[in-house]
Amino acid sequence: MKRTLFAGALAVTLTAVPGRAQQPAGADVVELEYLTHTEVSDKIKNQGFTSVLIVTGGTEERGPHSVLGGHTIMSRYRAAEIAKRLGKTLVAPILPIAVSATGLRENTDQPGGVQMPADAFKAVQIAMIESMAMNGFKDIFVMGDHGGGQNEMRQAVEEEDAKLSPKDVRVYYIGDFYQKTHDDIDMYMYEHKLPIAGHGAMMETSEMLYWESAKGLPAGSLIRPIYKTVPYAPANEDPEAWKAARDARAARAAGAAPAAGAGSNRGGGPPAPNAAGAAAPAGRGGSRAAADPNAPPRVNNGLTGNPHPATKEIGKDVVEIGVRNTVAQIQALKKERGR
């Protein structure tokens with residue numbers, strides 16, 4: 001009897017303590033699709049949530065160990081973290097389809113990839129931007145976790161920013177969510193003597209292991225345990241050759257002559273030129289340089305690069321690099337435009 005009375009008194013005391021009251025539903029939610037329209041309206045009109053992230057994921061093969069929706073899953077979780085760090089920012093529904101899905105692009109006989117033509121993808125980006133503007137957002141940030149479609153995102157942003165800026169709506173392309181993050185993570189792998197780059201390899205496998213743990217998902221939900229032994233096509237097996245190629249690219253960008261003999265490749269090397277002669281994005285899901293005719297035959301399983309040493313601890317660092325880069329670019333661009 002005494003125990004029952006004490007428990008009841010404790011419950012009453014806790015509910016009476018200032019700051020202990022239960023938060024309203026949706027108070028800490030930043031994903032637009034998990035809010036009601038009245039909650040979104042309140043956030044925009046009364047709480048100052050006038051910024052929104054539009055992020056593209058992707059659905060494609062990424063090795064026998066990793067689920068097809070990896071780009072979308074990583075985009076969803078990372079975007080939510082970015083929005084929370086920025087403050088007053090929501091996340092639009094993640095688009096799970098991009099351009100040139102691995103598997104379909106290589107015309108393999110392995111099912112699961114989903115892609116759309118570049119012009120359709122650009123039209124979807126424009127539709128999403130205009131939807132967010134009609135919803136009342138004033139700063140719209142567009143980015144993607146998949147290499148295919150980066151150019152179309154940039155084009156859509158440039159066109160929509162010109163169209164919407166007279167209405168005090170600004171649109172921004174956030175390339176650092178993808179390319180700078182890849183470059184910085186490649187260097188992280190180099191400095192930690194880990195395998196560098198590759199599709200479905202160390203970077204993605206580690207990040208997915210981290211989210212699997214951080215979100216309390218059952219082990220193996222996103223990354224199957226075979227990641228420790230799965231066969232893969234080698235990429236950047238010589239870290240010093242990768243570093244020499246990176247330094248040569250940096251020298252060319254700075255206007256200096258490249259080091260003699262410095263080569264290039266990617267799964268961690270430079271982007272391959274596209275049809276217009278511009279550098280296309282590289283890395284997970286991106287365009288790749290032409291295959292080396294002297295390289296061993298490709299392991300045709302959607303995986304290029306070694307995921308075997310991946311851990312959730314490495315994944316946590318990978319996530320931090322991506323979140324930090326994105327937040328920094330968004331803040332810099334807003335400051336540049338006086339927002």
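The side chain of H71 makes a polar contact with the side chain of E60, at 2.9 Å; a polar contact is a pair of N or O atoms within 3.5 Å, where, within protein, one must be able to donate a hydrogen and the other to accept it, and residues adjacent in sequence count only if both atoms are side-chain atoms. This is a predicted model, in which local features need pLDDT of at least 70 and side-chain atom pairs count only at pLDDT 80 or more, while totals for chains, interfaces and linings use all residues. Residues are numbered from 1 along each chain as its sequence is written, and side-chain values use heavy atoms, with hydrogens and water left out.

H71 belongs to helix α3, residues 70–86 (helices are DSSP runs of H or I, at least four residues, numbered from the N terminus). At 0% relative accessibility, H71 is buried, a term that means under 20% relative accessible area with a 1.4 Å probe, protein chains only.

I turn to N301, in the loop between α8 (239–253) and α9 (312–336). N301 is also buried, at 10% relative accessible area. A polar atom of its side chain lies 2.9 Å from the backbone oxygen of P231, and one lies 3.1 Å from the backbone nitrogen of L303. Beyond four places in sequence, N301 is in contact (heavy atoms within 4.5 Å) with residues including E61, R62, Q110 and V230.

Finally, which residues line the largest cavity? They are E31, E33, R76, A80, V91, A92 and I94. A cavity is a set of points, on a 1 Å grid over the protein atoms alone, where a 1.4 Å probe fits but cannot get out, and lining residues have an atom within 4 Å of a point.

Definitions and conventions:
Helix = DSSP H or I, 4+ residues; strand = E, 2+ residues; numbered from the N terminus. Buried < 20%, exposed > 50% of the residue type's maximum accessible area, 1.4 Å probe, protein only. 1 Å grid on protein atoms, 1.4 Å probe; cavity = no way out; pocket = protein on both sides within 12 Å on 5 of 7 lines; lining within 4 Å.
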